[in-house]
Amino acid sequence: MKRAALFLILWLLGSPVYATEIPSRIEINYHVITDIGEGEISEVMEIRHTGDHYRYSINSVAQATGMYKLIEPNRIVRHSEGFITEQGLQPTRAYEKRGKKIPSLAVFDWADHSITLNHMGHEITTKLPYGTLDRLSLSYNFMFATLPKKHVERYVTNGHDVQLSRFTITEEILDTRLGAIKTIVLTRQEEQGSKLKRKLWLALNNHMLPVRIVSVEENGREIEKIVSGINIRYKPEQ
């Protein structure tokens with residue numbers, strides 16, 4: 001098993017995405033723009049070696065700013081945790097909590113090929129397709145998984161069901177507060193007439209980190225988050 005862990009390290013460092021060491025902690029701040037106000041998101045990803053495995057955890061906290069905070073004082077907290085594999089991230093647990101509402105929870109049972117979803121107090125267990133991600137782990141998955149040239153497919157859970165998402169792949173230079181960033185752009189292909197939308201910009205020369213995300217949610221609200229700061233650590237704190 002130690003050899004398997006060593007192989008993973010060599011494989012990651014040999015990938016063209018990894019011109020440096022594997023980060024142990026990544027902190028990303030985003031400026032958020034919606035159709036009714038602005039906000040900010042702070043996300044932290046930690047990578048650690050436990051036993052024969054490499055584990056990850058991602059925490060995301062979103063909150064309104066300015067006058068919008070008077071209208072929407074509640075925070076949105078998201079979390080994803082699991083393992084790092086040769087195919088990318090393999091979540092074992094993910095949740096989302098909006099203010100005082102009951103959180104949505106997804107528990108991944110890879111041995112049984114099943115996923116248990118608890119949304120608004122209603123629990124179901126259904127089939128877990130190979131490679132399924134939650135929405136938060138999807139944003140960071142391609143730090144560890146090679147992207148094809150033209151399109152990619154992934155099963156993704158939004159907390160109350162699992163759907164196959166198909167993305168086209170393009171390239172774009174993105175202007176940000178941090179300067180111009182060369183990005184790989186993933187655009188989800190929606191069914192005709194659908195109001196949903198999701199588009200991700202991944203930093204090509206910085207670990208494929210998500211530096212911009214644009215989405216239209218089920219309630220019709222359009223949300224854009226764009227990077228305002230990145231801090232990367234390559235060695236765990238002593």
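**View 1. The β6–β7 hairpin.** In this predicted model, β6 and β7 form a hairpin with 4 residues between them. H113 sits in the turn and has a positive phi of about 55°. Strands here are DSSP E runs of at least two residues, and helices are H or I runs of at least four, numbered from the N terminus. Strand β7 covers residues 114-119 and pairs with β6 in the antiparallel sense over 5 bridges. Two strands pair if DSSP finds at least two bridges between them. V107 has T116 of β7 as its bridge partner.

**View 2. The β5–β6 hairpin.** Strand β5 (residues 88-98) also pairs with β6 in the antiparallel sense, over 4 bridges. A94 stands opposite A106 in β6. This hairpin has 5 residues between the strands, and G99 takes a positive phi near 60°.

**View 3. The two faces of β6.** In a regular strand the side chains alternate between the two faces of the sheet. Strand β6 (residues 104-109) alternates in this way. S104, A106 and F108 point to one face and are buried. Buried means under 20% relative accessible area, exposed over 50%, partly exposed in between (1.4 Å probe, protein chains only).

**View 4. The whole protein.** The protein has 3 helices and 15 strands. Of its 238 residues, 42% count as buried.

**Notes.** Residues are numbered from 1 along each chain as its sequence is written. Local features need pLDDT of at least 70, side-chain atom pairs count only at pLDDT 80 or more, totals for chains, interfaces and linings use all residues, and side-chain values use heavy atoms, leaving out hydrogens and water.
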